[in-house]
Amino acid sequence: MAPRPVQLPAGASVLLLDIEGTTTPISFVKDILFPYIIENVESYLRAHWGEEECKDDVNLLRKQAEEDATCDGAVPIPHSSAEGAGNEDQTIQAVVNNVHWQMSHDRKTTALKQLQGHMWKAAYTNGQIKGEVYDDVVPAVRKWREAGLKVYIYSSGSIEAQKLLFGYSIEGNLLELFDGHFDTTSGQKVESRSYKQIAKSIGCLPENILFLTDITREAKAAEEAGTHVCVVVRPGNADLIDDEKLHYNLITSFSELQLPALSKA
Ligand SMILES: CSCCC(=O)C(=O)COP(=O)(O)O
Ligand SMILES: [Mg+2]
């Protein structure tokens, strides 16, 4: 189906953007960011184990593991208070296994995302990784902002991880393009109350927001909250079924989103 230009809905003054599959290729996340975590989690934990940030990350993962206790294949993380070196090794291995298990299911838990954000910091700051953004993203966001629209990010990746991706991107530091960032601390993206919470935080109504995402479960949740949605079709994104193609406004590039013409005085 050929893409048609999509009009910014009347009353929408805020653009809320997903990252993976929307601003950024899924392949960047799946082939670069996630393998970095899988390969480096053990050495990262060993190097940072005594640090407060790492202890906080492990405590959050342990709480998540307790919630996941009844899930098939879940990996518990033992408490390691009165530990000797052997005990510490066992705890580290449990955290590694837990992270691997969560990532094998592409879990979007705040605990996993917080640790990932902390781990990517070194890779971005030493130039090993640069955040990818589609070519059409920067010109479109600049245009939207010039037209007076606000632009926010909402991703399952932690706010810290989002700022690294856009702060150390292939197009340089893009952080000035965004009015703010939201992550799973505002709720999961497949839950409708998250979009109400975000509207409240921005100080607008859900119907003032247009949410751009590749995932129709997220689009459905946003719609239920009263938010406008547009589904972004990019190479490598999950296929849409015919009903979804008919129901949602679709764009293949941010340039296809049309703003209302300015009336000339
Ligand atoms: C922005 S950090 C890398 C992306 C990530 O961890 C993730 O889970 C992507 O989720 P999204 O909500 O942007 O589809
Ligand atoms: Mg996405």
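These questions and answers cover the two ligand sites of a predicted model. Local features need pLDDT of at least 70, side-chain atom pairs count only at pLDDT 80 or more, and totals for chains, interfaces and linings use all residues. Residues are numbered from 1 along each chain as its sequence is written, and side-chain values use heavy atoms, with hydrogens and water left out.

User: How many residues surround ligand 1?
Analyst: A residue is near a molecule if one of its heavy atoms lies within 4 Å of it. The closest to ligand 1 are Lys108, Lys113, Ser155, Ser156 and Lys189. By class, the shell has five nonpolar, four polar and five charged residues. The number surrounding ligand 1 is 14.

User: Which residue has a side-chain N or O atom 2.5 Å from an oxygen atom of ligand 1?
Analyst: A polar contact is a pair of N or O atoms within 3.5 Å. Polar backbone atoms lie 3.0 Å from a ligand 1 oxygen at Glu20 and 2.8 Å at Ser156. The side-chain contact at 2.5 Å belongs to Lys189.

User: Which element gives the largest share of the shell around ligand 1?
Analyst: Helices are DSSP runs (H or I, at least four residues), numbered from the N terminus. The elements giving two or more residues to this shell are α1 (26-48) and α4 (110-125). The largest share, three residues, comes from α4.

User: Which spacing do the donors of the magnesium ion (ligand 2) follow along the chain?
Analyst: Donors are N, O and S atoms within 2.8 Å of the metal (3.2 Å for Na, K and Ca); water is not among the atoms, so sites may look incomplete. The protein donors are Asp18 (OD), Asp18 (OD), Glu20 (O) and Asp214 (OD), 2.1 to 2.7 Å from the ion. Their spacing is D-x1-E-x193-D.

Definitions and conventions
Chains are lettered from A and ligands numbered from 1 in the order in which they are written. A polar contact is a pair of N or O atoms within 3.5 Å; within protein, one must be able to donate a hydrogen and the other to accept it, and residues adjacent in sequence count only if both atoms are side-chain atoms. Ala, Val, Leu, Ile, Met, Phe, Trp, Tyr, Cys and Pro count as nonpolar, Asp, Glu, Lys and Arg as charged, and the others, Gly among them, as polar.
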